[in-house]
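Have the model open while you read.

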Amino acid sequence: MAPTPARNHRTRVHVVSDVHGNARDLARAGDGADALVCLGDLVLFLDYADHSRGIFPDLFGVENADRIVALRTERRFEEARVLGASLWAGLQENRATVIEEAVRKQYAELFAAFPTPTYATYGNVDMPPLWREYAGPGTTVLDGERVEIGGRVFGFVGGGLRTPMRTPYEISDEEYAAKIEAVGEVDVLCTHIPPEVPELVYDTVARRFERGSRALLDAIRRTRPRYSLFGHVHQPLVKRMRIGATECVNVGHFASTGTPWALQW
């Protein structure tokens, strides 16, 4: 009897976004997958669900974290900025130095948790210059670039657009559009922020519209990738919708779910 032919291998990719300090689940996120894709926001500066977690409450206490979350939720951004400035002014050390030390501590743990291979791009709260120091040989960092995984072309665009929140990696609409253009036609378009569609950018818990990208939306309509994958909005009004031929998927707030989104072909 002739041997049974081996079944063709199916490629499985796990995708995460908005890790925000969840190194424990990140270490298991690649289990059973051929590759892990991470769409950024590794750093936990302030957890809006648990105000005791993150760099901000570690420095200034939970009560001040409660206050600044309340102000931002009410869109009183200038008052939140003034409060934050007064708290930072009370520190003995330089603000940039304090933040970098705290971020480095988180990055050391999080990058060590990445499986091999991992393909990652930046979120709006990340600090890109530090990634080169912590990304090991099994982690490929891409921004405005493409890579082939299992015969499909993945494009990556990191960062966020400018907002009153002034998070660390916010760039202009023009710079973001140039990165989208550089990626070109791909099978899977991976970004941190969503396309600018109301249902995809509205956060139902924060009760506000986050910034999405019009350039990304235009690219989806023009180049028709199979998938557009993103995060950034933690509790979206709609997690998944189709734009023309493209399935647009918010892969989830990994910090709270601990579960990657799976893509298989």
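Helices (H or I, at least four residues) and strands (E, at least two) are DSSP runs here, numbered from the N terminus. By that count, the chain holds 10 helices and 15 strands. This is a predicted model, where local features need pLDDT of at least 70, side-chain atom pairs count only at pLDDT 80 or more, and totals for chains, interfaces and linings use all residues. Residues are numbered from 1 along each chain as its sequence is written, and side-chain values use heavy atoms, leaving out hydrogens and water.

The C-alpha atoms fill a box of roughly 80 × 35 × 30 Å along the principal axes. Of the 265 residues, 52% count as buried, meaning under 20% relative accessible area, with exposed over 50% and partly exposed in between (1.4 Å probe, protein chains only). Contacts are heavy atoms within 4.5 Å; among those with a separation of 6 or more, 58% come from residues 24 or more positions apart.

Now for the backbone. Most residues other than glycine have a negative phi, and most peptide bonds are trans. A cis bond joins Thr116 and Pro117, with omega about 0 degrees; Pro117 sits in the loop between α5 (95-113) and β3 (118-120). Two non-glycine residues with positive phi go in the table.

| Residue | Phi | Loop between | Relative accessibility |
|---|---|---|---|
| Arg75 | about 65 degrees | α3 (62-73) and α4 (77-89) | 47% |
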